[in-house]
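Subject: Structure for your files

Hello,

Please find the structure below. My notes on it come after.

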Amino acid sequence: MIHQKIIVKYLKFAEKGLIILALSFFSGIFSPESMGTVLPEIFVSFIRFSLWGIFTFLVVLVWQDAIAIINRNKILFILSVLAYFSFLWSDLPDYTLLNARDIWMMTTFALYFAIRFSFKEQIKIITYTLLIGMFLSFIFVYAFPGIGRHWVDHPGAWKGVYGHKNYLGSLMVLSSLAFLSLAKDSLMIYRWGGFALSLIFILLSTSRTSLVLSFLLLLIISFYKNFRWRGKVSVIFLDMTILFLGCISLLVFTYWVELITGLGRDPTITGRTIIWEVALNRLMERPFLGYGRGAFWAPKSNYAFEATQAIGTGWVPPHGHNGFIDTALDVGLIGLLLFFICYFMTFAKALKFGYASNQPEEIWPLAYLIFLIINNITESCLLYLPNIYWVLFMMIAFTLSKKSQHHTLVFHPPQSAFLK
């Protein structure tokens, strides 16, 4: 009996270790721009295919729960299937088919993560993952400065093990939200220490967008603390307004110099509007199903080269710097519509779930969904490559649909603050 308990304990520890490895992989630390530079390619491929196979096998083991969750998230599943089979109409079918495994891997992982862990446990694991990422980033900045820092384009800015300063900054915004969402029984030094470290790394990344985004999210969370009890209808309209104003505020506060000076200093928002114009013009040529997942910005793509010529700097954009435009390019306006339906259905569940609770971990889904939508205004963090943002979106959608079967949620005035 004692031996059995020890075995179970080690199995649970191994399971969490595997989850952390997968989340680290999805966060991009093994990419060719980061740790993939110093690790053997065969080792990175081994991790990728191992995660793919292991989580497929684990989902098969819990197939009844998986099918139940898929049945409650049919639209999200249809969107995943659409992205997976987009090689059928892709301009680069071999490239899209090769990367279709990412969709399978992200979906099976999100399913298993949602089935096996509560929000409280999920957030704790996410903080472990990002804390490890901070530790590795610190090591790489000083041990491998050619990888851990920018030198030519953004001299001195930290990118750590995430490949780019903006990605490091974005993940640290996510980290700050996760640490704030830890349960009340978490160690205060861990919660606030992790939150402080996240803010320090945002500053070291010199990502202006991430700094503004973190400030906006803190304001929004603080606002929820005082007004979430106002009533169902008013809360829904209030949240939609906050979501819209948050998106506008990100652009205004991040690029206020460019907006004020106009032609005096990069009125294109560092080239983004030029990229968006090229992408939108091409989207109108294939509006319904797009160009296939990843095909538009693929290496040697004529469309990426067209955007490079339009910018005129010789830089080839790896994506469209807007998650919604890129989703439309991948799976068309049909796919983009499916995403927005999934998003707002999940947002409504998160709003109901969060406003019916006084626990910080149950505000996490709502905080993350606001972060996701605002972050994708200037970055591409939806269906682009295997990425942690899409994984967490699916995980939240799956977990909320699981919880909706066990909780009757009602609105009531909060007794305590999310930020306490």
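Predicted model: local features only at pLDDT ≥ 70, side-chain atom pairs only at ≥ 80, totals over all residues.

Residues are numbered from 1 along each chain as its sequence is written, and side-chain values use heavy atoms, with hydrogens and water left out.

Helix α10 covers residues 188-205 (helices are DSSP runs of H or I, at least four residues, numbered from the N terminus). Buried in α10 are Arg191, Gly194, Phe195, Ser198, Phe201, Ile202 and Ser205 (buried is under 20% relative accessible area, exposed over 50%, with a 1.4 Å probe and protein chains only). These buried residues fall within an arc of 125° seen down the axis of α10, so they line one face of the helix (the arc is that of the directions from the helix axis to the C-beta atoms). Ile189 and Leu203, on the other side of α10, are exposed. Threonine 206 follows α10 and has a positive phi, near 55°.

As for the cysteines, the structure has zero disulfides (pairs of cysteine sulfur atoms within 2.5 Å). Cysteine 342 is buried, at a relative accessible area of 4%; cysteine 381 is also buried, at 4%.

The second largest pocket has 16 lining residues, with Ile70, Phe77, Trp104, Thr107 and Thr108 nearest its centre (on a 1 Å grid over the protein atoms alone, a pocket is an open set of points where a 1.4 Å probe fits, with protein on both sides within 12 Å along at least five of seven lines; lining residues have an atom within 4 Å of a point). α6 gives the most to this lining, with five residues.

Regards

Methods:
Helix = DSSP H or I, 4+ residues; strand = E, 2+ residues; numbered from the N terminus. Expected span 1.5 Å × (residues − 1).
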